[in-house]
Number of protein chains: 2
Amino acid sequence: MSEDKALTKKSENITDWYNEVVQRAELADYAATRGFMVIRPRAYEMWEHIQSDFDHTIKTKYKVKNAYFPLLIPESFFKKEQEHAKGFSPEVAWIANTDEQNRLAIRPTSETIIYDSYSKWIRSWRDLPLRINQWCNIVRWEIGITRLFLRTKEFLWQEGHCVYANEKEARKEALQYLKEYAKLAENLLCIPVICGEKTQAERFAGAVNTYTIEAIMPDAKSLQMGTSHYLGTGFAKSFGIEFLDQEGKKQLGHQISWGFSTRLIGAVILMHGDDKGLVTPHALTETKIVIIPILIKGREEQVLNEAKELEKSLKSFGAFLDAREQYTPGAKFSEWELKGIPIRIEIGPKDLENKQVVLVRRDTLQKQFLPRKELKETIKKELKQMPIDMYNKAKNLQESLITKVETKEQFFAESKQGRYLFVPFCGLPNCEAEIKEKTGLSSRCVPFDSKPNGKCFWCGKEKAKYTYFAKSY
Amino acid sequence: MSEDKALTKKSENITDWYNEVVQRAELADYAATRGFMVIRPRAYEMWEHIQSDFDHTIKTKYKVKNAYFPLLIPESFFKKEQEHAKGFSPEVAWIANTDEQNRLAIRPTSETIIYDSYSKWIRSWRDLPLRINQWCNIVRWEIGITRLFLRTKEFLWQEGHCVYANEKEARKEALQYLKEYAKLAENLLCIPVICGEKTQAERFAGAVNTYTIEAIMPDAKSLQMGTSHYLGTGFAKSFGIEFLDQEGKKQLGHQISWGFSTRLIGAVILMHGDDKGLVTPHALTETKIVIIPILIKGREEQVLNEAKELEKSLKSFGAFLDAREQYTPGAKFSEWELKGIPIRIEIGPKDLENKQVVLVRRDTLQKQFLPRKELKETIKKELKQMPIDMYNKAKNLQESLITKVETKEQFFAESKQGRYLFVPFCGLPNCEAEIKEKTGLSSRCVPFDSKPNGKCFWCGKEKAKYTYFAKSY
């Protein structure tokens with residue numbers, strides 16, 4: 001149940017609002033293990049829907065197969081790819097009581113342990129492409145305040161790892177998985193995203209290119225929703241992933257890796273939630289409808305019977321009847337609004353007389369009085385419309401948060417206003433480090449269609465590309 | 001591809017045979033991390049089928065919900081339930097670089113970390129029963145020789161954790177999940193199991209009762225396929241899982257936990273495999289059929305076209321055509337027998353003339369020549385029959401391995417013959433320790449219908465119950 005204290009308003013303090021919604025809507029809890037989270041059933045169900053949708057896509061469209069690799073990685077493996085080691089070593093948790101010569105790391109990502117296996121499995125061009133995905137838990141010993149779903153020491157994710165015979169194929173597929181991420185975000189989660197490439201400073205440790213999808217959140221911060229990396233032949237060199245090509249010549253494999261995590265759940269909460277609580281895209285929940293009977297003395301039985309009939313007839317939408325006697329209808333409205341059930345149906349004595357029901361969509365909170373016999377059709381129509389409306393609402397909000405700027409002065413001024421900035425940038429790590437230090441903003445991505453025809457707002461270099469800058473989650 | 005060296009015969013050395021099948025059939029690999037395994041796609045697919053079958057059952061029949069709890073558990077939690085701590089502490093892997101006051105354990109099972117959350121979530125009888133399940137990885141620092149799927153430092157499993165208002169309900173549901181495990185083993189995996197209770201010595205650390213399903217393997221060893229524990233109120237006391245009952249009185253929750261792991265895959269391999277390799281119950285694989293064209297010079301195109309037609313028409317069975325030119329049909333037969341594809345269809349020029357195909361069931365290896373037009377019906381019929389035949393074959397083998405004995409002398413003699421023993425036993429830990437030391441056998445389970453009307457073969461005590469003894473995996 002929701003607590004008595006009113007929820008903080010999203011517009012007033014989105015951080016507090018988020019923490020309250022996550023906990024009161026029973027999505028996640030802080031765990032006794034500091035920095036860790038408990039993903040509760042209401043949120044885990046969202047993850048299951050995300051998993052099953054994406055899993056189906058990669059298996060059927062791209063012949064990706066799932067596998068499982070060890071949680072613990074020998075330290076020596078980590079060190080084989082230098083850039084990778086440098087990037088991840090501050091975040092690694094180490095095992096104490098190991099009988100190994102070298103320490104064991106809890107995986108912060110699995111490139112190294114997976115590519116060791118690949119080096120044994122790949123011999124010939126006939127073994128390529130090799131496409132394997134793993135659903136697993138990840139530990140990164142990040143410092144800073146824990147934010148459920150968004151910044152925790154452990155999270156769940158998928159990581160795809162593929163090997164190809166040449167660069168062209170590898171790059172093509174790296175972009176193809178990014179495109180699937182964008183579809184997942186936009187169609188399933190109703191969150192519009194920007195697709196593009198990371199600058200050198202923001203690239204995955206060990207990658208040649210990192211492609212990303214970024215979502216603008218209501219506070220104008222950027223939330224990275226998924227990344228796909230072209231790794232070149234660096235890991236293949238370090239781990240000995242070689243194959244004989246059709247001419248019998250030894251070649252290095254070209255590799256990609258791609259992943260998204262349970263932070264997507266955080267994105268859904270932040271993007272769609274409102275002052276009443278969670279708004280769930282209905283594709284993420286089995287329970288799309290709650291039926292609430294308005295029980296007035298003397299008419300209870302009649303209303304309850306009708307409500308039970310309704311529940312039965314709406315089973316295919318996962319409808320459930322909240323017949324608890326100890327709560328008022330008002331308290332029930334609040335509870336299920338907080339928990340984000342997509343549609344509420346109310347039925348009381350008056351509705352019985354008029355052969356009608358009341359339908360309330362969670363995203364708009366608008367009431368419709370419907371003839372009972374039109375209910376099913378209306379539900380279908382609304383379930384079709386809701387994702388479109390949620391997407392468009394998010395899109396409008398996001399667009400209102402972007403400002404295009406050209407100069408340092410504009411950049412400073414607009415960043416102080418908390419805007420999501422679009423600015424010509426040279427892409428050099430030195431400039432980026434200075435910008436981050438002075439403004440707290442980092443580059444989020446260079447859209448694929450950005451042309452090198454600008455002048456860097458920071459250093460004035462020519463051939464700068466329009467790039468998004470924002471604070472990030 | 002299979003290697004050139006012939007597979008060890010199962011009857012000659014089942015240990016070597018098992019290791020060879022697991023690796024050559026690409027089911028699993030030893031990992032670079034010592035004691036860990038890589039679950040390869042062919043075996044991971046089996047796990048996915050097991051997961052989806054069982055997940056569906058517990059969600060729809062018992063309203064169990066999935067959630068996810070932290071990988072790492074504070075040491076202080078571990079110590080709260082003494083028996084539990086004693087049982088698991090030798091197997092725990094500890095984290096080195098923690099910022100916590102006390103060390104963190106990688107979960108060897110999750111009772112403690114989960115019950116800490118339960119103590120916060122449960123307030124009233126209305127919150128009960130609480131039924132949550134988690135699919136996750138587990139680490140137990142077991143010493144001894146690594147056996148892929150059967151004994152590795154990490155494995156995957158499900159662990160269900162439920163709380164009830166009273167003992168009766170708790171015990172009833174503990175048995176109910178055990179029954180579902182038995183159904184899973186028998187119907188999906190085609191492995192007959194013995195259901196019963198563990199003796200005190202073999203009980204889960206912290207449990208009042210441990211129920212188990214045990215499968216007799218071809219070498220007369222016992223493989224524990226799943227367990228369900230009635231935990232009483234011990235954990236509830238240690239973690240403060242209390243609720244107000246309908247009279248407003250404080251009560252302790254009665255708890256159960258239940259789990260099975262990826263060792264089920266090991267059981268499938270051991271039980272059904274033969275000298276040619278893996279035999280997969282077809283419910284565990286998408287690819288139920290391989291089509292192998294017999295290509296004879298001059299007729300290749302015709303045969304290949306026909307084979308492609310066949311592949312298309314059998315898509316619903318996940319049929320795939322092995323059209324590789326570099327291998328002979330014989331080499332292909334061997335490879336897919338090794339990898340356990342349930343049905344093979346051969347088609348050559350002669351078959352075209354006779355409008356027939358050849359069908360070979362992997363479990364029997366018998367050839368059938370079928371009119372082409374009867375193929376689909378025959379496949380359906382065989383797919384229905386195969387699980388029954390595999391189950392019966394396993395059942396017959398298992399029964400032939402059991403010997404009922406009454407005395408110490410018989411027990412010694414028969415255990416030396418490598419038999420699976422059924423014997424009246426007092427159930428006392430001291431006797432069991434002596435038996436284990438002298439014979440290497442431990443009690444596997446006391447069947448539910450065993451009556452306390454025997455005389456213990458070891459100590460002579462009355463009221464002994466017939467109990468199974470065997471070496472165990």
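In what order do the strands of the open sheet of 11 strands in chain B run? The legends below take this view by view, starting with that sheet. The model is predicted.

**View 1. An open sheet of 11 strands in chain B.** The order is β3-β6-β7-β13-β10-β9-β8-β21-β22-β20-β19. The pairing is mixed. Strands of a sheet pair through backbone hydrogen bonds, either parallel or antiparallel. Two strands of chain B form the edges: β3 (65-66) and β19 (402-404). Each of these edge strands pairs on one side only.

**View 2. Strands β21 and β22 of chain B, side by side.** Strand β21 covers residues 442-447, and β22 covers residues 465-470. The two strands run antiparallel. Three bridges join them. Look for Cys445(B): across from this residue, in β22(B), stands Tyr468(B).

**View 3. The hairpin of β18(A) and β19(A).** Here the view moves to chain A. Strand β18 (residues 356-361) runs antiparallel to β19(A), and five bridges join the two. Between the strands lie five residues. In this hairpin, Leu365(A) takes a positive phi near 60°. Is β19 of chain A (residues 367-371) well covered or hardly covered? Strand β19(A) is hardly covered: of its five residues, the count of buried ones is zero.

**View 4. The largest nonpolar core.** This core has 238 residues. Which residues have the most contacts inside it? They are Ala215, Met225 and Ala267 of chain A, along with Ala215, Met225 and Ala267 of chain B. Zoom in on Ala267(A). Leaving aside residues up to four places away in sequence, Ala267(A) touches Leu189(A), Ile191(A), Ala215(A), Leu223(A) and Met225(A).

**View 5. The contact between chain A and chain B.** On chain A, 39 residues are in contact with 39 residues of chain B. Several elements of chain A each supply at least two residues to this side, among them the helices α2 (41-62) and α5 (111-121) and the strands β7 (130-139) and β8 (154-164). By class, the side of chain A that touches chain B has 26 nonpolar residues, five polar ones and eight charged ones.

**View 6. Chain A laid on chain B.** The same surface serves both copies, and 100% of the contact residues of chain A recur in chain B.

Conventions: Residues are numbered from 1 along each chain as its sequence is written. Chains are lettered from A and ligands numbered from 1 in the order in which they are written. This is a predicted model: local features need pLDDT of at least 70, side-chain atom pairs count only at pLDDT 80 or more; totals for chains, interfaces and linings use all residues. Copies are superposed by least squares on the C-alpha atoms of residues with pLDDT of at least 70 in both. Two residues are in contact if their C-beta atoms, placed from the backbone, lie within 7 Å. Helices (H or I, at least four residues) and strands (E, at least two) are DSSP runs, numbered from the N terminus. Ala, Val, Leu, Ile, Met, Phe, Trp, Tyr, Cys and Pro count as nonpolar, Asp, Glu, Lys and Arg as charged, and the others, Gly among them, as polar. A nonpolar core is a set of buried Ala, Val, Leu, Ile, Met, Phe, Trp, Tyr and Cys residues joined through C-beta atoms within 7 Å. A residue is buried if 20 or more other C-beta atoms lie within 10 Å of its own, exposed if 12 or fewer, and partly exposed in between; C-beta atoms are placed from the backbone. Two strands pair if DSSP finds at least two bridges between them.
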